[in-house]
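Trainee: Could you take me through one part of this model closely, looking at how its helices pack against one another?

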Amino acid sequence: MGKKSLITLDLNFMGMPGTIAAYLLPYSSGVVLIECGPGSTREALIAGLRAHGFTPGDISDVFLTHIHLDHAGAAGWLSRQGARIHVHPVGAPHLIDPEKLLASAQRIYGEHMQRLWGEFLPVLPDKLSVLSDDQTVEIDELHIRAIDTPGHAEHHFAYLCNGICFTGDIGGVRMAGFQHIRLPMPPPEFHLEKWRRSIQRLQSESFQFIAPTHYGLFADPQRHLAAVWQALDEIEAWMEAIMPGEPDFETLNRQFLSWTEQRSLAAGLTHEQLQAYELANPSWMSTYGIQRYWRKQRNLGNPSM
Ligand SMILES: [Zn+2]
């Protein structure tokens with residue numbers, strides 16, 4: 001099995017190919033999706049399904065790595081087409097009642113909310129499947145195992161199936177054709193130590209391919225995970241150098257952007273490729289995440305934040 005049985009659907013987010021994937025696993029009597037992308041790319045999802053001879057009604061199951069809008073936005077709509085939606089227990093309540101999730105996204109994205117993410121419908125309660133750590137779901141010949149992997153978000157699973165590890169965002173962001181890895185570190189749950197433990201956990205599993213949602217299938221999982229580890233070391237060293245100076249948000253953001261850009265250019269990326277990484281994983285979002293992590297976990301700065 002492995003690579004051949006997997007179809008990568010490019011959701012062409014914001015007109016940029018290769019930034020957000022949904023993964024299609026056909027089996028004898030239907031198809032499974034790992035991730036479904038945001039509401040704004042629903043038409044691209046439907047077109048991608050059609051190109052492979054499927055309709056949304058053929059999707060029996062959707063496995064969400066986590067509930068951030070770029071991974072899970074279309075799940076409510078898909079539940080209305082008949083799909084069962086599998087999710088982490090901490091994320092589940094927000095799929096049934098997304099009001100808080102959407103309000104906090106609205107604060108972050110403001111006027112760009114609709115254009116970026118489109119419609120986010122609640123998941124139908126009777127279509128929701130809450131998984132536990134290490135649980136395997138059997139769908140005919142497919143065996144899909146959930147692995148609790150906090151660090152990017154508390155409510156994050158990686159999934160193992162057919163020798164492929166679907167890493168959501170815990171495996172970082174890596175564009176097709178590159179080895180370079182960036183870490184998406186959004187507020188409020190980015191947590192360096194938990195992230196390291198999640199990577200160790202994945203390193204103890206055996207699989208031949210790794211498939212981050214941003215973006216694509218890679219055949220060097222151990223090297224990939226080592227690069228995530230390295231990126232965690234680098235951001236920790238950077239934070240330890242910068243954060244004790246208690247920079248305000250604007251200063252921190254400027255410094256982080258420039259550090260990120262230098263790191264990417266040193267890895268051989270062009271400015272255009274840099275843009276693709278930036279679209280899949282905006283730096284300012286990580287600036288917020290870093291700031292929050294440092295205040296909460298390292299007990300520095302304003303303790304009331
Ligand atoms: Zn995410």
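Mentor: In this predicted model, the crossing of H7 and H8 is left-handed. Helix H7, residues 192–203, and helix H8, residues 221–242, have axes that come within 10 Å and cross at roughly 165°, and because angles over 145 degrees count as roughly antiparallel, H7 and H8 are therefore roughly antiparallel to each other. On the H7 side the contact is formed by Leu192, Glu193, Trp195, Arg196, Ile199, Gln200, Leu202 and Gln203, which meet Gln222, Leu225, Ala226, Val228, Trp229, Leu232, Asp233, Ile235, Glu236 and Met239 of H8. Sorted by class, the residues of this contact between H7 and H8 comprise 11 nonpolar, 3 polar and 4 charged.

The crossing of H9 and H11 is right-handed. From H9 the contact draws on Phe249, Leu252, Asn253, Phe256, Leu257 and Thr260, while H11 contributes Ser283, Trp284, Ser286, Thr287, Tyr288, Ile290 and Gln291. The contact of H9 with H11 contains 7 nonpolar and 6 polar residues, with no charged residues, whereas the contact of H7 with H8 includes 4 charged ones.

Technical notes: Residues are numbered from 1 along each chain as its sequence is written. This is a predicted model: local features need pLDDT of at least 70, side-chain atom pairs count only at pLDDT 80 or more; totals for chains, interfaces and linings use all residues. Side-chain values use heavy atoms; hydrogens and water are left out. A crossing is left-handed if the near helix is turned anticlockwise from the far one by less than a right angle, and right-handed if clockwise. Helices (H or I, at least four residues) and strands (E, at least two) are DSSP runs, numbered from the N terminus. Contact means heavy atoms within 4.5 Å. Ala, Val, Leu, Ile, Met, Phe, Trp, Tyr, Cys and Pro count as nonpolar, Asp, Glu, Lys and Arg as charged, and the others, Gly among them, as polar. Axes are lines fitted to C-alpha atoms, for helices over the stretch in contact, and angles run from 0 to 180 degrees between N-to-C directions. Angles under 35 degrees count as roughly parallel, over 145 as roughly antiparallel, 65 to 115 as roughly perpendicular and the rest as oblique.
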